[in-house]
Amino acid sequence: MARVLTGIQSSGRPHLGNLLGAILPAINLTNSEKQESLLFIADLHSFTTIKDPATRIENTKSIAAAWLACGLDTSKSIFYRQSKIPEVCELTWYLNCVTPYPMLANAHSFKDKANRLSDVNAGLFDYPVLMAADIVLYDANIVPVGKDQQQHIEMTRDIAKAFNHQFGDIFVIPEAKIDEEVMTIPGTDGQKMSKSYGNILDVFLPEKKLKKNVMSIVTDSTPMEEPKNPDTCNVYNIYKTVATSEQKADMRKNYEGGNYGYGHAKTALFELLLDKFKEERERFDHFMENESEIEQHLQEGEEKARKIAHEVMARVKNTIGF
Ligand code: ADP
Ligand code: TRP
């Protein structure tokens, strides 16, 4: 049976990009097909940027609540925190020792983070190797991710192949599953929406705060009366990721017809988000108020994840002579 695996960092609150790019596609894949799935919270990855324990714990809770609110069925999927299975760190070391330094130095996401962040630590540099360990530790075949993670999955494949080449067939070579329709969701400033860029739409906020969040989307200063180009507008570019074709066509007409301001478009987006994520928002609040339910789901998953990790680790260590 094919094994599907994916993770989300607990580096902030879950956002629209995480939902559309990772959480919902992964849940659909798990529920619709007969495959085993592992879905986890990459809290070790988030330690590259988040050092405050309370913040990280709160983020982990909200990411877990988001997975559960979006319909993750823990009787079908193994749901866990990355840090609860420490073998992943041990495996990272073994993989590090077959990973060429230039491959990591050339990673887009490292270069990007190195330019933006003041704390450029070795963990950021080694991030893709920990990610490779996440995947091969569980013999995963399919890794659903957003387009921005494509290079990381290619690196995982290269590392796993290098290891197999040297030691024999130890690891399954995984494939990325990238939904081409779900492109990278833009943030409130038009760049890729990301927890680390402060430009997220947090669909789980209480109504008033969500409205404020939507109103903060950056637009140009075209006057209300004038026709507008939807394709260059952040509001439309976010709207189109959630709207039906009919809603999109109507919205384009509004933009192109004039007498339709960005404020109107933002209100329409806000209402669309409330409508589209009504049930998810209710369930999210439920889980956030009932932390013990989240904990129970995670602990059950961690027991199952640990079992697989032990088996694969034993296979690796036997082969490489530790
Ligand atoms: P962030 O950049 O907010 O920290 P993560 O790195 O934790 O997000 O990403 C978790 C998952 O969500 C990945 O599969 C990633 O591809 C997906 N994802 C993150 N941001 C976006 C986005 N803006 N559009 C589409 N998918 C996204
Ligand atoms: N690096 C991924 C991201 O930022 C999160 C992640 C960590 C992940 N380990 C993974 C995704 C393993 C898929 C598989 O989006």
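These legends describe close-up views of two ligands in a predicted model. Local features need pLDDT of at least 70 and side-chain atom pairs count only at pLDDT 80 or more, while totals for chains, interfaces and linings use all residues. Residues are numbered from 1 along each chain as its sequence is written, chains are lettered from A and ligands numbered from 1 in the order in which they are written, and side-chain values use heavy atoms, with hydrogens and water left out.

**View 1. Residues around ligand 1.** The shell of ligand 1 holds 19 residues (a residue is near a molecule if one of its heavy atoms lies within 4 Å of it). His15, Asp148, Ile185, Ser194 and Lys195 come nearest. By class, six residues are nonpolar, 10 polar and three charged (Ala, Val, Leu, Ile, Met, Phe, Trp, Tyr, Cys and Pro count as nonpolar; Asp, Glu, Lys and Arg as charged; the others, Gly among them, as polar). β1 (3-9) and α1 (16-32) each supply at least two residues of this shell. Helix α1 gives the most, with four (helices are DSSP runs of H or I, at least four residues; strands are runs of E, at least two; both are numbered from the N terminus).

**View 2. Polar contacts and cover of ligand 1.** Oxygen atoms of ligand 1 make the contacts listed here (a polar contact is a pair of N or O atoms within 3.5 Å).
- Ser194: a polar side-chain atom lies 2.8 Å from a ligand oxygen.
- Gly146: a polar backbone atom is 2.9 Å from a ligand oxygen.
- Asn18: a side-chain N or O atom is 3.2 Å from a ligand oxygen.

On its own, ligand 1 has 530 Å² of accessible area, and the protein covers 95% of it (Shrake-Rupley method, 1.4 Å probe).

**View 3. Residues around ligand 2.** Ligand 2 is surrounded by 14 residues. Gly7, Tyr127, Met131, Asp134 and Gln149 are the closest. Eight residues of the shell are nonpolar, five polar and one charged. β1, β2 (36-42) and α7 (122-136) each contribute at least two residues.

View 4. Ligand 2 alone exposes 360 Å², of which the protein buries 90%.

Definitions and conventions:
Polar contact = N/O pair within 3.5 Å; in protein donor to acceptor, adjacent residues only side chain to side chain.
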